[in-house]
Amino acid sequence: MKSHKIIFWTATIIIFLFEGVMPAFTSQTEMAKEGIRHLGYPDYFGVALVVFKVLGALILVIPQAPARLKEWAYAGFTFDFLFAFISHWAVDGLSAMTFFPLIILAILMVSYVYYHKLQAHKVIVNRTKSS
C-alpha cells in the first residue's frame, strides 16, 4: 500500500510540475508564444490551454478535490497529450520532440492507475471499519 502511494505521488507530482508549474511560469515568454504559433494555433489558444493545465494540475494534487473533477482532469490531460503529439507530428514530422507528449501521457497513466488503486483500497478499509 505504501508503495502505491509513493508511485501515485511521484507520477502525479511530475504531471503537476510539467503541466501546472512550468506553464504558469513560462506561458508568457516569447518562446512559449512562438511554440503555439509554430503549431498553427492562435495566441488565445495558448492562454486558454495554460489556464486549463494549471486548474487540472491543481485538481490532481489536491486530495479533497471531488473524484469526478479528477476524472475530468485526467481526461483533459489525455486529450492534451494526444493532440500535442498529433500537432507536432503534423507540423514537424517524427522526431524525439514529437514523442515527448506520449512519454508524459505514460506518466499520467501511471498516476491514473494508482489513483484508482488507492481509491479501491479506501473503499475496502471503510467497509472493514463499518463492519
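**Helix packing and a few residues**

Modeller: Let me start with a pair of helices: helix 1 and helix 3 cross in a left-handed way. Bear in mind that this is a predicted model.

Biologist: At what angle do helix 1 and helix 3 pack, and how far apart are their axes?
Modeller: The angle is about 155 degrees, and the axes are 8 Å apart. That makes helix 1 roughly antiparallel to helix 3, because angles over 145 degrees count that way.

Biologist: Which residues make that contact?
Modeller: Helix 1 brings Phe8, Trp9, Thr12, Ile13, Ile15, Phe16, Glu19, Gly20, Pro23 and Ala24. From helix 3 come Val50, Lys53, Val54, Ala57, Leu58, Leu60 and Val61.

Biologist: And how many of those are nonpolar, polar or charged?
Modeller: The contact of helix 1 with helix 3 has 13 nonpolar residues, two polar ones and two charged ones.

Biologist: Let me back up a bit. How many helices and strands are there in the protein?
Modeller: Five helices and zero strands. Along the sequence, the pattern reads α-α-α-α-α.

Biologist: What does the C-alpha trace span?
Modeller: About 60 × 25 × 20 Å along the principal axes of the protein.

Biologist: Where is the confidence lowest, and where is it highest?
Modeller: Helix 5, residues 96-130, is lowest with a mean of 89, while helix 4, residues 67-92, is highest at 96. The protein as a whole averages a pLDDT of 93, and 96% of the residues score at least 70.

Biologist: OK, on to helix 4. How does helix 1 pack with helix 4?
Modeller: At an angle of about 60 degrees, with the two axes 13 Å apart. That makes helix 1 oblique to helix 4. The crossing here is left-handed.

Biologist: Which residues touch there?
Modeller: On helix 1, Phe8, Thr12, Ile15 and Glu19 make the contact, and on helix 4 the partners are Tyr74, Phe77, Asp80 and Phe81. By class, the contact of helix 1 with helix 4 has five nonpolar residues, one polar and two charged.

Biologist: What about helix 3 and helix 4, at what angle do they pack?
Modeller: At about 135 degrees, with their axes 9 Å apart. Helix 3 and helix 4 are therefore oblique to each other. Their crossing is left-handed.

Biologist: Pick Ile59 in helix 3. Buried or exposed?
Modeller: Ile59 counts as buried, because its relative accessibility is 19% and the cut-off is under 20%.

Biologist: What is Ile59 in contact with, leaving aside neighbours within four places in sequence?
Modeller: Ala65, Leu69, Lys70 and Ala73. As for Phe79, it sits 20 residues from Ile59 along the chain, and their C-alpha atoms are separated by 16 Å.

Biologist: And Ser27, where does that lie?
Modeller: Ser27 is in the loop between helix 1 and helix 2. Ser27 is buried, with a relative accessible area of 18%. Setting aside neighbours within four places in sequence, Ser27 is in contact with Met22, Ala32, Lys33 and Val50.

Biologist: What share of the residues is buried in the protein?
Modeller: Buried residues make up 28% of the 131.

Biologist: Last one: Ala67 in helix 4. What is its relative accessible area?
Modeller: Ala67 has 41%, and is partly exposed. The C-alpha atoms of Ala67 and Gln119 are separated by 9.3 Å, although these residues are 52 apart along the chain.

Conventions
Residues numbered from 1 in each chain as written. Predicted model: local features only at pLDDT ≥ 70, side-chain atom pairs only at ≥ 80, totals over all residues. Heavy atoms only, no water. Axes fitted to C-alpha atoms, helices over the stretch in contact; angles between N-to-C directions. Helix = DSSP H or I, 4+ residues; strand = E, 2+ residues; numbered from the N terminus. Parallel < 35°, antiparallel > 145°, perpendicular 65-115°, else oblique. Left-handed = near helix turned anticlockwise from the far one by under 90°. Contact = heavy atoms within 4.5 Å. Nonpolar A, V, L, I, M, F, W, Y, C, P; charged D, E, K, R; others polar. pLDDT = per-residue confidence, 0-100. Buried < 20%, exposed > 50% of the residue type's maximum accessible area, 1.4 Å probe, protein only.
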